[in-house]
Every structure is written in structure tokens, then in C-alpha cells.
Number of protein chains: 2
Amino acid sequence: MASLTIGEVAARAAVNTSRIRYYERVGVLPKPERTGGQRRYDEAVLHRLAIVDVAQRAGLTLAEIRDLTGPGNRGVHAGERIRALADGKLPEVEALIARAQAVKEWLELARTCDCRTVDVCSLFTDPALAPPAKAT
Amino acid sequence: MASLTIGEVAARAAVNTSRIRYYERVGVLPKPERTGGQRRYDEAVLHRLAIVDVAQRAGLTLAEIRDLTGPGNRGVHAGERIRALADGKLPEVEALIARAQAVKEWLELARTCDCRTVDVCSLFTDPALAPPAKAT
DNA sequence: GTTGCCCTTGAACCCGGCTTCAAGTCAAGG
DNA sequence: CCTTGACTTGAAGCCGGGTTCAAGGGCAAC
């Protein structure tokens with residue numbers, strides 16, 4: 001029996017109802033049955049939402065999560081897809097970490113700055129000190 | 001002689017003219033002199049743009065850069081301001097790095113996944129494995 | 001049957017840092 | 001003087017991940 005209303009799902013998942021509708025719109029959640037126009041959910045949707053949450057924490061976009069969890073995977077081994085995604089994301093995350101480290105070092109150096117104006121501060125004028133730009 | 005047009009500045013700084021106007025709008029660049037309505041820049045603006053670039057790489061927002069480099073600092077030691085900014089940003093960057101590290105570990109684990117479906121994958125079901133959420 | 005809360009939809013708004021567009025103005029070279 | 005290319009403005013669009021709003025529809029307890 002699919003007996004949960006969207007409000008009940010939202011309460012149990014500690015999420016806004018608008019988010020659930022949004023996920024449905026973008027294809028991250030499947031369209032549920034309806035009673036008189038109103039969505040009726042199975043408890044399984046809670047598990048689904050938890051999975052989406054983890055995937056988002058891991059840096060996957062909703063589009064990626066949709067492709068990973070949606071239909072079209074029927075029969076396709078999930079492991080492969082996950083690996084493909086991870087292979088693509090790892091270099092990005094590593095680059096992000098490297099850049100963040102450089103930024104951190106710049107900030108630590110910045111705490112010791114005693115310049116009168118920014119125009120003369122080596123933090124800003126020495127190219128060797130500046131953190132790298134974001135990759136395009 | 002303030003003789004550079006916005007197009008010349010843009011070319012020499014390798015940025016779009018729209019960006020220069022935008023910076024002016026948000027107060028990151030001062031309003032230049034004009035000749036018949038057209039902006040005329042001093043070469044100093046190139047130095048300014050370079051500083052803005054470094055500050056952005058370091059993760060400062062345009063609002064912060066405006067406050068740091070704009071007037072209102074006349075007489076106020078730049079070092080103090082930079083230090084205040086750095087003190088505020090450092091914990092953020094450190095948190096970012098920590099989170100990114102956790103994400104990286106999750107992705108490395110994900111490469112070894114061989115689950116049939118995401119629903120049963122411990123990557124998604126084990127809370128101890130999930131990367132932390134972003135701080136609000 | 002009636003109250004009252006929950007549900008529905010589409011559209012608009014938010015954040016930051018720009019870009020792009022349309023329509024109009026002007027400086028400089030021939 | 002005339003053309004042409006560069007300049008001007010304000011408004012709107014983009015990205016992602018939602019939230020919020022307004023106006024209306026319906027389910028359920030009493």
C-alpha cells in the first residue's frame with residue numbers, strides 16, 4: 001500500500017515538500033501514484049531520498065544521480081556506472097583539493113601581512129604567491 | 001594621461017569589456033574619467049585588475065575585494081583588513097578541504113564497487129561511509 | 001456538510017559573477 | 001561630412017538546487 005502523502009514523506013525525510021516535487025520534475029524521483037491528483041508514496045521513497053542525499057554529499061549532480069538511479073539502468077550493472085562516475089570525478093576533486101591547499105597557504109601568509117596598501121603587497125603583486133586559477 | 005579606452009584595457013588585461021563595466025557597477029573598480037561619455041583609463045587600472053584577479057583566486061568575493069581595495073581604507077592599514085579577512089576565510093577553507101578529502105575517499109571506494117543496484121550498495125546505505133554534508 | 005488543513009500547479013525569485021542582447025551615441029580616419 | 005567600429009545603457013539570461021508565492025482543488029474528521 002502506497003499510503004504516504006508528500007507531506008508525510010517530507011516530514012520523515014526532514015525535507016521540504018517543494019524539494020520532493022523538484023526532484024520529481026528533474027527526474028531524480030519517479031512519478032508516484034495519485035489519489036485524486038495527490039501524490040501517494042511508498043515507503044521505499046524514503047530509502048531513495050537517503051540515497052540521493054548521500055550521492056549529493058559525494059558531489060554528484062542531480063543529473064548524474066538521475067542517470068545513475070533512474071530507469072535505463074534496468075539490467076545494467078550499477079557498479080560499472082558508479083565506477084565511470086567516480087573515475088570522472090576523482091581528478092576534479094583532486095584538483096579542487098590542490099587548489100584549496102594553495103588558497104589555504106595564501107591565507108596563512110596573508111595573516112602575516114603588514115602592508116600599508118594592497119597595491120604594494122607582495123601577496124597581490126607576486127605571481128608566484130598567487131593561488132592558481134580555477135580550471136575551465 | 002588617462003588615454004586607454006575600455007577596449008584597450010580589456011585587450012591588455014585579457015578580459016571582456018563587460019567584466020570591466022560590471023566591476024565598476026559593483027564598486028570593485030572606481031569610475032574613470034570620461035571623454036564624450038566614454039570611459040578613459042589610466043594604466044593603473046591594469047594593476048588594479050591584476051590585484052582583483054589574485055584576490056579572486058584566493059577565494060575573496062567581489063564584495064570583499066571592494067571593501068578591501070576601495071575608499072574607506074584611506075588611512076586604514078591594509079594589513080589589518082587582510083588579516084581579518086584571512087582569519088574569517090581560513091576555517092572555511094579548512095572545512096572545504098576536509099570535506100573534499102572525505103569525498104575523495106568515497107570516490108576511491110566507489111571505484112571498487114561491484115553492486116548490482118544502488119539500492120543495496122553500502123556506499124549509499126552505510127551512513128559511516130557517506131561524506132559529511134556541507135556546513136550551513 | 002462543513003470546516004480546515006493539506007494538496008495542486010506554474011511562475012518567479014535567490015545566490016555570484018559575469019555574458020549577451022537591443023537600441024542608441026560618439027570618436028576617429030578618409 | 002560620412003562611415004564604421006567602438007562605445008554607451010538597461011535588461012535579461014545563464015549555471016544548480018532548490019524556495020516561495022498565488023490561486024485554486026480536494027481529503028478527512030467531525
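Which residues in α1(B) meet which residues in α3(B)? The legends below take up this contact and others in a predicted model, in which local features need pLDDT of at least 70, side-chain atom pairs count only at pLDDT 80 or more, and totals for chains, interfaces and linings use all residues. Residues are numbered from 1 along each chain as its sequence is written, while chains are lettered from A and ligands numbered from 1 in the order in which they are written.

**View 1. Contact of α1(B) with α3(B).** Val9(B), Arg12(B) and Ala13(B) of α1(B) meet Val45(B), Leu46(B) and Leu49(B) of α3(B); two residues are in contact if their C-beta atoms, placed from the backbone, lie within 7 Å. Helices (H or I, at least four residues) and strands (E, at least two) are DSSP runs, numbered from the N terminus. By class, this contact has five nonpolar, no polar and one charged residues (Ala, Val, Leu, Ile, Met, Phe, Trp, Tyr, Cys and Pro count as nonpolar, Asp, Glu, Lys and Arg as charged, and the others, Gly among them, as polar).

**View 2. Packing angle of α1(B) and α3(B).** Helix α1 (residues 6–13) of chain B packs with α3(B) at an angle of about 45°, the axes being 10 Å apart. This makes α1(B) oblique to α3(B). Angles under 35 degrees count as roughly parallel, over 145 as roughly antiparallel, 65 to 115 as roughly perpendicular and the rest as oblique. Axes are lines fitted to C-alpha atoms, for helices over the stretch in contact, and angles run from 0 to 180 degrees between N-to-C directions.

**View 3. Contact between chains A and B.** Chain B gives 43 residues to the contact and chain A gives 43 residues. On the side of chain B that touches chain A, α3 (44–57), α4 (62–69) and α5 (78–110) each supply at least two residues. The largest share, 19 residues, comes from α5(B). This side of chain B divides into 26 nonpolar, seven polar and 10 charged residues.

**View 4. Relation of chain B to chain A.** Copies are superposed by least squares on the C-alpha atoms of residues with pLDDT of at least 70 in both. In chain B, the C-alpha of Ile97(B) is nearest the axis, 3.0 Å from it.

**View 5. Surroundings of DNA strand C.** DNA strand C is surrounded by 20 residues, the closest being Thr5(A), Gly7(A), Arg39(A), Ser18(B) and Gly36(B) (a residue is near a strand if its C-beta atom, placed from the backbone, lies within 6 Å of it). The residues of this surface divide into three nonpolar, 13 polar and four charged.
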